[in-house]
Amino acid sequence: MAFSVMACGGEDGGDGGAENNATSSSSATAKPTDDGAGGKEDTAAGDNVDPNVKLAEIKGAKDMVLVINEVKRDSSGFVTVQGTMTNEGDEPVNPSGWSGSEPIIVQTNLNSVGGATLVDKTGKKRYYILRDTDGRCLCTAGISGVMPGKSLPVFMQFPAPPETTTEVDFTLPTFATTSLKISG
């Protein structure tokens with residue numbers, strides 16, 4: 001299934017940078033899977049991410065932990081971040097806060113990781129998750145809740161920063177910010 005996607009970027013709240021708006025096409029596909037975490041979510045088809053690779057471990061609210069396993073630039077001009085979220089607490093966690101505050105993402109992807117961003121500090125640009133023409137994020141969506149002790153795989157796809165940018169700051173609402181190295 002082919003998607004047309006629109007990339008939105010903007011300045012990093014700094015001292016004036018131009019917005020980065022681009023339109024591209026992607027052949028990214030998604031398939032629903034049973035996550036064992038209280039619902040179903042979309043995961044990137046064909047993702048062969050090694051769960052033993054830990055690029056970063058990020059603590060979030062309510063005892064959630066996000067382990068980033070891969071940050072990969074592809075030849076199509078995208079960066080895909082993949083990892084696993086685990087509820088290390090004693091109560092179910094509602095994912096609605098992870099969607100962020102961007103109206104189109106909140107309206108079409110309430111229970112998603114659509115609020116994630118990458119920040120290129122050198123280029124002073126923030127990159128938002130890609131969306132299809134219906135406003136659906138190219139990310140894990142349809143998360144109904146994460147039960148205690150359960151994990152779920154997540155992915156997020158962004159427009160790629162310039163080739164010279166090899167490190168970005170990753171943010172997801174309710175989680176700490178971390179720096180990630182881009183491979184590929």
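## Thr165, a buried loop residue

With 7% relative accessibility, Thr165 falls in the buried class, because that class takes in residues under 20% relative accessible area. Its place in this predicted model is the loop between strand E11 (151–159) and strand E12 (167–171).

Which side chain makes a polar contact with that of Thr165? The partner is Asp120, and the polar contact between the two side chains spans 2.9 Å.

## The chain as a whole

Stepping back, we find a chain with one helix and 13 strands. Their order along the sequence is β-β-β-β-β-β-β-α-β-β-β-β-β-β. Of the 184 residues in the chain, 44% are buried. The accessible surface is about 8900 Å², and carbon and sulfur atoms supply 48% of that area.

Contacts across the sequence deserve a look too. Taking the contacts with a separation of 6 or more, 60% are made by residues 24 or more positions apart.

The mean pLDDT of the chain is 79, with 72% of the residues reaching 70 or more. Residues 1–46 have a pLDDT below 50, although this stretch has 113 contacts in the model beyond near neighbours in sequence. A word of caution applies here: where pLDDT is low, predicted coordinates should not be read in detail.

E5 (56–59) and E6 (64–73) pair in the antiparallel sense, with four bridges between them. Across this pairing, Ile58 stands opposite Leu66 in E6. The E5 and E6 hairpin has four residues between its strands, and Lys62 there adopts a positive phi near 55°.

Ala61 lies in the loop between E5 and E6. Is Ala61 buried or partly exposed? Its relative accessible area is 38%, so Ala61 counts as partly exposed. The C-alpha atom of Ala61 is separated by 9.9 Å from that of Gly89, which is 28 residues away along the chain.

On its other pairing, E6 meets strand E7 (residues 78–87), again in the antiparallel sense, over nine bridges. Val71 has Val81 of E7 as its bridge partner. The hairpin of E6 and E7 also has four residues between the strands, and in this one Gly77 takes a positive phi near 95°.

Why is E6 described as largely enclosed by the rest of the structure? The reason is that eight of its 10 residues are buried. As background, side chains in a regular strand alternate between the two faces of the sheet.

## The disulfide

The structure holds one disulfide. Cys137 and Cys139 are the residues it joins, with an S to S distance of 1.9 Å. In general terms, such a link is a covalent bond between the sulfur atoms of two cysteines.

What is the handedness of the disulfide between Cys137 and Cys139? The torsion about the S-S bond is about -60°, so this disulfide is left-handed. Cys137 is buried, at a relative accessible area of 7%, and Cys139 is buried as well, at 2%.

Key. Residues are numbered from 1 along each chain as its sequence is written. This is a predicted model: local features need pLDDT of at least 70, side-chain atom pairs count only at pLDDT 80 or more; totals for chains, interfaces and linings use all residues. Side-chain values use heavy atoms; hydrogens and water are left out. Helices (H or I, at least four residues) and strands (E, at least two) are DSSP runs, numbered from the N terminus. Buried means under 20% relative accessible area, exposed over 50%, partly exposed in between (1.4 Å probe, protein chains only). A polar contact is a pair of N or O atoms within 3.5 Å; within protein, one must be able to donate a hydrogen and the other to accept it, and residues adjacent in sequence count only if both atoms are side-chain atoms. Contact means heavy atoms within 4.5 Å. Accessible areas come from the Shrake-Rupley method with a 1.4 Å probe; for residues, only the protein chains shown count as cover. pLDDT is the predictor's confidence in each residue, from 0 to 100. A disulfide is a pair of cysteine sulfur atoms within 2.5 Å. Two strands pair if DSSP finds at least two bridges between them.
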